[in-house]
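I opened this model to look up its strand pairing, its aromatic pairs and its salt bridges. My entries follow in the order in which I made them.

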Amino acid sequence: MRMPALLCATMASPMMAEVVSCDLSGVPVRFEIDRTQFAPAINQNEPTQRCATTVQMGNAAFPAEPIIMGDVRGFWAEGMGGSDVMMVMQSDGSAVYADTRAGERLTGTCEVLQ
């Protein structure tokens, strides 16, 4: 049985995305996690899909890979000079952002908006 086009369009809409909004040491951080990007492949011959989001951090914006592990949310991105940048939000809303090469560490809180 085929799904009506309207239902398919509704399922793929941005409403499926979680918006994560944070205050990390006074710096506003915001990004979206589209849960549909984490769905398993329908066919084993499909190429591996890379999850992607855009992080708005203060006045800067950069691409990142969103993370979902149970109640943990976050992202990983490549920072300046090839460094790894990671932000992780725990289930209680506490969050840590770290760029180990630059020695930058920000802490604060986040919330998931629907």
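Methionine 86, in turn, has alanine 98 of strand 7 opposite. Strand 6 (residues 84-89) and strand 7 (residues 94-99) run antiparallel and are joined by five bridges. I count two strands as paired if DSSP finds at least two bridges between them. Strands here are DSSP runs of E with at least two residues, helices are runs of H or I with at least four residues, and both are numbered from the N terminus.

The model is predicted; local features need pLDDT of at least 70, side-chain atom pairs count only at pLDDT 80 or more, and totals for chains, interfaces and linings use all residues. I number residues from 1 along each chain as its sequence is written, and side-chain values use heavy atoms, with hydrogens and water left out.

The hairpin of strand 6 and strand 7 has four residues between the strands, and in this hairpin glycine 93 takes a positive phi near 95°. I then checked the next pairing: strand 7 and strand 8 (residues 104-113) are antiparallel, over six bridges. Valine 96 has threonine 107 of strand 8 opposite. Four residues also lie between the strands in the hairpin of strand 7 and strand 8, where glycine 103 takes a positive phi near 70°.

My cut-offs are under 20% relative accessible area for buried, over 50% for exposed, and partly exposed in between, with a 1.4 Å probe and protein chains only.

**The whole fold**

I stepped back to the complete chain. The secondary structure comes to one helix and eight strands, in the order α-β-β-β-β-β-β-β-β along the sequence. The eight strands form a closed barrel that runs 1-2-3-4-5-6-7-8, with antiparallel pairing. On average, neighbouring strands of this sheet are turned by 30° against each other, direction ignored. The axes behind that angle are lines fitted to C-alpha atoms; in general, angles run from 0 to 180 degrees between N-to-C directions, and helices are fitted over the stretch in contact.

Of the 114 residues in the protein, 30% are buried. Among contacts with a separation of 6 or more, 33% come from residues 24 or more positions apart; contact means heavy atoms within 4.5 Å.

**Aromatic pairs**

I searched for ring pairs and found two. Rings of Phe, Tyr and Trp (its six-membered ring) pair if their centres lie within 6.5 Å; planes under 30 degrees apart count as stacked, over 60 as edge-to-face and the rest as tilted.

Phenylalanine 31 and phenylalanine 75 are edge-to-face, 5.1 Å centre to centre with 80° between the planes. Phenylalanine 31 is in strand 2 (residues 27-34) and phenylalanine 75 in strand 5 (residues 72-78), 44 residues apart, so I noted a link between distant parts of the chain. Phenylalanine 31 is buried at a relative accessible area of 1%, and phenylalanine 75 is buried at 0%.

Why is the pair of phenylalanine 62 and phenylalanine 75 called edge-to-face? The ring centres are 5.9 Å apart and the planes stand at 65°, so this pair is edge-to-face. Phenylalanine 62 lies in strand 4 (residues 60-69) and phenylalanine 75 in strand 5, so the pair ties together parts that are 13 residues apart in sequence. Phenylalanine 62 is buried, as is phenylalanine 75. I logged Phe31, Phe62 and Phe75 as one aromatic cluster.

**Salt bridges**

How many salt bridges does a search of the whole structure find? It finds two, taking a side-chain nitrogen of Lys or Arg within 4 Å of a carboxyl oxygen of Asp or Glu.

Arginine 35 and glutamate 18 meet in a salt bridge at 3.0 Å, N to O. Arginine 35 lies in the loop between strand 2 and strand 3 (53-57) and glutamate 18 in strand 1 (residues 17-24), so the pair ties together parts 17 residues apart in sequence. Arginine 35 is partly exposed at 38% relative accessibility, whereas glutamate 18 is buried at 6% relative accessible area.

Arginine 73 also forms a salt bridge with glutamate 18, with the closest N and O atoms 2.7 Å apart. Arginine 73 is in strand 5 and glutamate 18 in strand 1, so this pair ties together parts 55 residues apart in sequence. Arginine 73 is buried, at a relative accessible area of 7%. Shared partners join Glu18, Arg35 and Arg73 into one network of salt bridges.
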